[in-house]
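Please have a look at it first, and then we will go through it piece by piece.

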Amino acid sequence: MFGVDELGMDLGTSTLHIVVRGKGIVLSEPAYVAYDRQTRNVVAVGEEARRMYGRTPAGLIVERPLRYGRIRSFDLVSKMLRYFMRKVIGKRATFRPKLLLALPGGMVPSERQTLVDVLVDAGVRSVVPVDESVASAIGAGMRIDQPYGRMNIDIGGGRTNVSVFSFGHQIVWDILNVGGDRFDDAIIDYLRKKHNLLIGARTAEELKINIGSAMPRAEQMYLDVTGRNLISGLPKLMRITSDEIYEAIDDPLTALIEAIHAVLEHTPAELAADVFDNGIVLSGGGARLSGLADAISTALKVDCRVADNPQEC
């Protein structure tokens, strides 16, 4: 790491990435923390903590310090960031790099300043905050500096940023409380109501990734999952179909499309025409939902595509 002067960090709701200039992504881990309920001492961070989720004894708690784009616990965020920075630059770093920090939109100034103070204390020389919607659009390969309208939709774990850019600035934007977590919650709620089956967030995410789709699939898929029967209280194995997941995520999907429609309605006519000509680009981990680009394109009559490696944009 000697001689590296700049780092980049994407402080995502579900995943945290750290980038070194010239080397690319050097750390990519889930934003989970496991800690002792009484002492608040951290037991595990990142992938190790995520593997413990839903399987810990009564004395341990595993959670994500960020939820829906907001900080739930500054103490846990602080400990998580210090842990990840130590993994990248070491405990006794001979240099203090500058850090470009992609932050969720809508954070209040006090939250931003707290994060800056934590990172400086963790070993960086200075912190340059960057709006994550801007960083995501650039990472998706969009030329937002040109005098043409470009629309990027960054779908994260907690929230979605819908932005129209021109001349390097966000002209129209909106931040939606719809993201991967909302889709997971919708699947949990659907199975609880329809089958009296209680599943965890990890199982819901597996269903969404493996058989979920924003458009009806030509060929039915299924996945066997184990949950708890709410009537008997006993574990139960059930086969879930892709059609059921498609039905389960209808509400958050509709809310997402309606919000995109609203942003287009408020976009100046010339820029809206550019968006119709150039299409919409999807980025963020949530963009990997099968059929999402087709669903948006069908509903809005605008071409829509998913960026390469959307979760890394």
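Predicted model: local features only at pLDDT ≥ 70, side-chain atom pairs only at ≥ 80, totals over all residues.

Which residue in E2 does Gly8 stand opposite? That residue is Val19, and the pair belongs to strand E1, residues 6-11, and strand E2, residues 15-20, which pair in the antiparallel sense over five bridges. Here helices (H or I, at least four residues) and strands (E, at least two) are DSSP runs, numbered from the N terminus, and two strands pair if DSSP finds at least two bridges between them.

Residues are numbered from 1 along each chain as its sequence is written, and side-chain values use heavy atoms, with hydrogens and water left out.

Let me place that pair in its sheet. Five strands form an open sheet in the order E3-E2-E1-E9-E10, with mixed pairing. Strand E3 (24-30) and strand E10 (126-131) stand at the edges with a single partner strand each, so one side of each is left without a neighbour in the sheet. From one strand to the next the twist averages 20°, where axes are lines fitted to C-alpha atoms, for helices over the stretch in contact, and angles run from 0 to 180 degrees between N-to-C directions. Helix H4, residues 132-139, lies across strand E9 (98-103) and E10, and runs at about 80° to E10.

There is also a sheet of three strands, open and antiparallel, in the order E5-E4-E6. Its edges are strand E5 (42-45) and strand E6 (60-63), each with a single partner strand, so one side of each is left without a neighbour in the sheet. The twist in this sheet averages 15° from one strand to the next, and helix H2, residues 74-89, packs on the sheet by touching E4, E5 and E6, its direction making about 55° with that of E5. Contact, throughout, means heavy atoms within 4.5 Å. Strand E4, residues 33-36, pairs with E6 over four bridges in the antiparallel sense, and Asp36 stands opposite Leu60 in E6.

Now to the interior. A nonpolar core is a set of buried Ala, Val, Leu, Ile, Met, Phe, Trp, Tyr and Cys residues joined through side-chain atoms within 4.5 Å, and buried means under 20% relative accessible area, exposed over 50%, partly exposed in between (1.4 Å probe, protein chains only). The largest such core has 44 residues, and Met151 and Ile280 have the most contacts inside it. Helix H8, residues 250-265, gives the most to this core, with seven residues. A second, separate core of 34 residues includes Leu16, Val45, Phe84 and Leu119.

H8 also meets helix H10, residues 292-300: their axes come within 11 Å and cross at roughly 50°. The contact involves, among others, Leu253 and Ile260 of H8 and Ile296 and Leu300 of H10.

Finally, two loop residues deserve a look. Phe167, in the loop between strand E12 (160-166) and strand E13 (169-176), has a positive phi of about 55° although it is not a glycine, and at 57% relative accessibility Phe167 counts as exposed. Asn196, in the loop between helix H5 (180-195) and strand E14 (197-198), likewise has a positive phi of about 55° without being a glycine, but Asn196 is partly exposed, with a relative accessible area of 32%.
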